[in-house]
Amino acid sequence: MPALSSRVSSRTRVLAICGTLVAALLAVAALAPLPFSVAQPGVTADVLGEYRGRQVITVDGAGDPGGGDPGAGGPEGRLLATTIAATAPDTTVRLADVVDAWFDTDRAVMPRDSVYPVGDDAEEIEEHTTAQMEESQTEAVAAALRRLGMSEDEVEVELRLADVGGPSAGLVFALGVVDEIDDGDLTGGRTIAGTGTITARGEVGPVGGVPLKTQAAARDGATVFLVPEAECDDARTELPEGMRLVPVTTLEGALKALRALRDGGRVPSC
């Protein structure tokens, strides 16, 4: 019996030591900063109207080829660029933050380097996202004018969207330019939102953060969301009730889908 008692006591001590070590490791993990950012739905901006008191799209030299009223944006229709808002690059994110966000449908945990691919320096990040936005605007204008058969030598387009960085508004910018110059009523009076990069040839690319952007769009009144086709599966995650997803791969395809939606035609869906 004494030998058995000794073995039990030894096992109890080992278990106690292991338990203490595990508890210590969990405590360290809970307090240690993690390489993640916590994101949530961000602001939206109507590219057919004003943002922070300034017209987002202005066009000079195009005349009025579509018979519309450039700047009017159709009969009460809106075309929303969507964003996400993420914790700052120098914000400490711990295990408790990750767990809370994991179970919150209005927030998402994302690898920090996918949100801030150039590092943790705030100034460097701002320069990078601003450069991405400027390049996106240039590509969007080129794609829109190419689709309309116009030259940048005869048409001057200016895009203004302060405090919004990155390339994800490219598709919506291009649609807005086409609407301003040629169509005048792409929205058919609806509030339509979207996201996606664009090239000068009108090719639409993925952007990330789509589930949060659909929530931002729904919050601000959109009922239709244009999404890069490659991100349809992501877009269906936590999709707001009543939101219609329209997959696109090109500017031409997005234009056809919007006109079909406006005119009661067949519209693709995710």
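The model is predicted.

Start with the disulfide. A search of the whole structure turns up one. The bond joins C232 to C270, with an S to S distance of 2.0 Å. Which parts of the chain does the pair tie together? C232 sits in helix 7, while C270 sits in the segment after helix 8 (251–263), so the bond links parts that are 38 residues apart in sequence. What is the handedness of this disulfide? The torsion about the S-S bond of C232 and C270 is about -60°, so the disulfide is left-handed.

The two cysteines can also be placed by their accessibility. C232 has 9% relative accessibility and counts as buried, because the cut-off for buried is under 20%. C270 has a relative accessible area of 29%, so it falls in the partly exposed class.

Now move to the second largest pocket. Rolling a probe the size of a water molecule over the atoms shows where empty space is left. The second largest pocket holds about 230 Å³ of space. It is lined by 14 residues, and the closest to its centre are A108, P211, L212, D234 and T237. Two elements each give two or more residues to this lining: strand 6 (108–111) and helix 6 (210–219). Which element gives the most? Helix 6 does, with four residues. What is the make-up of the lining by class? Five residues are nonpolar, five are polar and four are charged.

Last come the backbone angles. Most residues other than glycine have a negative phi. R52 is not a glycine, yet it has a positive phi of about 55°. Where does R52 lie? It is in the loop between strand 2 (50–51) and strand 3 (54–55). Is R52 buried or exposed? Its relative accessible area is 59%, so it is exposed, the cut-off being over 50%.

E238 is the other case. Its phi is also positive, at about 55°, although E238 is not a glycine. E238 lies in the loop between helix 7 (232–235) and strand 12 (244–248). With 45% relative accessibility, E238 counts as partly exposed.

D234 and T237 are among the residues closest to the centre of the second largest pocket.

Notes: Residues are numbered from 1 along each chain as its sequence is written. This is a predicted model: local features need pLDDT of at least 70, side-chain atom pairs count only at pLDDT 80 or more; totals for chains, interfaces and linings use all residues. Side-chain values use heavy atoms; hydrogens and water are left out. On a 1 Å grid over the protein atoms alone, a cavity is a set of points where a 1.4 Å probe fits but cannot get out, and a pocket is an open set with protein on both sides within 12 Å along at least five of seven lines; lining residues have an atom within 4 Å of a point. Grid points are joined across faces, edges and corners, and a volume is the space filled by probe spheres set on the points. Ala, Val, Leu, Ile, Met, Phe, Trp, Tyr, Cys and Pro count as nonpolar, Asp, Glu, Lys and Arg as charged, and the others, Gly among them, as polar. Buried means under 20% relative accessible area, exposed over 50%, partly exposed in between (1.4 Å probe, protein chains only). A disulfide is a pair of cysteine sulfur atoms within 2.5 Å.
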